[in-house]
Amino acid sequence: MNALPPPFTLNRRVLAVDAPPIPEAQAWKELYSGDAGPMIDLSQAVPSTPPPASMLEALGRAAAQGDTSRYGPILGDAALRSAHAAETSRLYDAPIRETQVAITAGCNQAFVTVMMALAGTGDRVILPAPWYFNHRMTLDMLGIEVDILPARPGSGFVPDVAEAAGLITPSTRAIILVSPNNPTGAIYPPPVIEAFATLARAKGIALVLDETYRDFLPAGGAPHRVFEDECWGETLISLYSFSKAHAIPGHRLGAILAGEPVIAEIAKLLDCIQICPARTAQGVVAQAIEGERAWRKAQAAELARRALATREAFASLNGWQLHSAGAYFAYVAHPWPDRSAAEVARRLALEGGVLALPGPYFGTGQEGHLRFAFANVGTETLRTLPERLRLLA
């Protein structure tokens, strides 16, 4: 029996937003017969290995300490703020201070908080499409208007700076970028990110750069050089997640890097949203940033092998076109222009035992694509994709 709706009225903007899409796709697993073999779940991006044993043991010890059960600082414990600042300084060869860091309950909360700090109802932001669906959901529920910046297969799904410049209006408050990208896996070249920062500064708006997957970039230089400008905090707000790099998504830890005046305003929001980040993992992650660097490098190398296995799998298939792949994701065009992406994804799950997400989960105009989170499984499993996908021919 369906529950009756409440007698009161809910926020119309929340009601207008579709439910989170991943549970819809996950439900297809229950309908799969198992005939093609075990289900290969490439839907939600989930680290396929646990943290190293030493980190798990440290988490257990930290959970048993009485201090971790008490409130902590609004912006996060000093040890983690300091360690994240030091690691970012090392990666970008630029000075980042602890006072420019806020710790959050994951990167999704970091994004919600930053958007609340930057924009109000009726203000506008520029969002590349395809987009990370939680970003679009957040903006719609906050009443922030979106100007869509198309990212196209022909450019490797890297958005165009000049095209973004043409979208800026007096109501624009920010440009939002995700690199390495979710859903496409596209890695934006450093000069492109730097050009977006230059544009944002010239127009007096923020550049919000989600760098959740930066730990899985190929070795060879910083992702960008924006932090080298001593005035970076006047333009850039960088978001980060400890979930993927340290394989601890359940502990919900993310970070915001911004100028100190911005962090001071963000503290007001975080005090209302979370009071303080969950404390058990903070000290452990602060130590693991340095202590488990070799483990993280090994994980990044393994994901690079999985990316290669994914490229090789699709190269052996007729009709399927891998348009972009990197970090955690591959964005692939399916071979049936007369079928919706949802129909193709559902058939792939039910007949081939492979769970991927339909392109329209990530924006309009994406009917021809599916997203595969190749980081979820090992290379041997990824090599079985061609035989599974051929079952749909």
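This is a predicted model: local features need pLDDT of at least 70, side-chain atom pairs count only at pLDDT 80 or more; totals for chains, interfaces and linings use all residues.
Residues are numbered from 1 along each chain as its sequence is written, and side-chain values use heavy atoms, with hydrogens and water left out.

Let me begin with the whole chain. Its secondary structure comes to 15 helices and 13 strands, where helices (H or I, at least four residues) and strands (E, at least two) are DSSP runs numbered from the N terminus. The radius of gyration is 21 Å, close to the 21 Å that the globule rule gives for 393 residues, so the chain is as compact as a globular protein of that length; that radius is taken over C-alpha atoms, and the rule is 2.2 Å times the number of residues to the power 0.38. Buried residues make up 53% of the 393, and here buried means under 20% relative accessible area, exposed over 50%, and partly exposed in between, with a 1.4 Å probe and protein chains only.

Now to the interior. A nonpolar core is a set of buried Ala, Val, Leu, Ile, Met, Phe, Trp, Tyr and Cys residues joined through side-chain atoms within 4.5 Å. The largest has 88 residues, and those with the most contacts inside it are Phe242, Val285, Trp320, Leu370 and Phe372. Apart from it lies another core, of 27 residues, among them Ala119, Ile144, Leu239 and Ile256.

Two of those names, Leu370 and Phe372, bring us to strand β13, where both are buried on one side while His369 and Arg371 are buried on the other. In general, side chains in a regular strand alternate between the two faces of the sheet. The sheet itself is open, with four strands in the order β9-β10-β13-β12 and antiparallel pairing; two strands pair if DSSP finds at least two bridges between them. The edge strands, each pairing on one side only, are β9 (321-326) and β12 (357-358). Helix α13 (residues 341-352) packs on this sheet, touching β12 and β13, and its direction makes about 45 degrees with that of β13, the axes being lines fitted to C-alpha atoms, for helices over the stretch in contact, with angles running from 0 to 180 degrees between N-to-C directions.

Within the sheet, four bridges join β10 (residues 329-333) to β13 (residues 369-372), and valine 332 has leucine 370 as its bridge partner. On the β12 side there are two bridges to β13, and leucine 357 stands opposite arginine 371. Leucine 370 also touches, among others, Trp320, Ala341, Val344 and Leu348, contact meaning heavy atoms within 4.5 Å.

Finally, the backbone. Most residues other than glycine have a negative phi, and most peptide bonds are trans. Which peptide bond is cis, with omega near 5 degrees? That is the bond from alanine 129 to proline 130, and proline 130 sits in the loop between β3 (124-129) and α6 (133-142). A cis bond also joins serine 179 and proline 180, with omega about -10 degrees.

Aspartate 93 has a positive phi of about 50 degrees and, at 67% relative accessibility, counts as exposed. Phenylalanine 157 has a positive phi of about 60 degrees, but is buried, with a relative accessible area of 2%.

Terms used:
Lists of a residue's contacts leave out its neighbours within four places in sequence.
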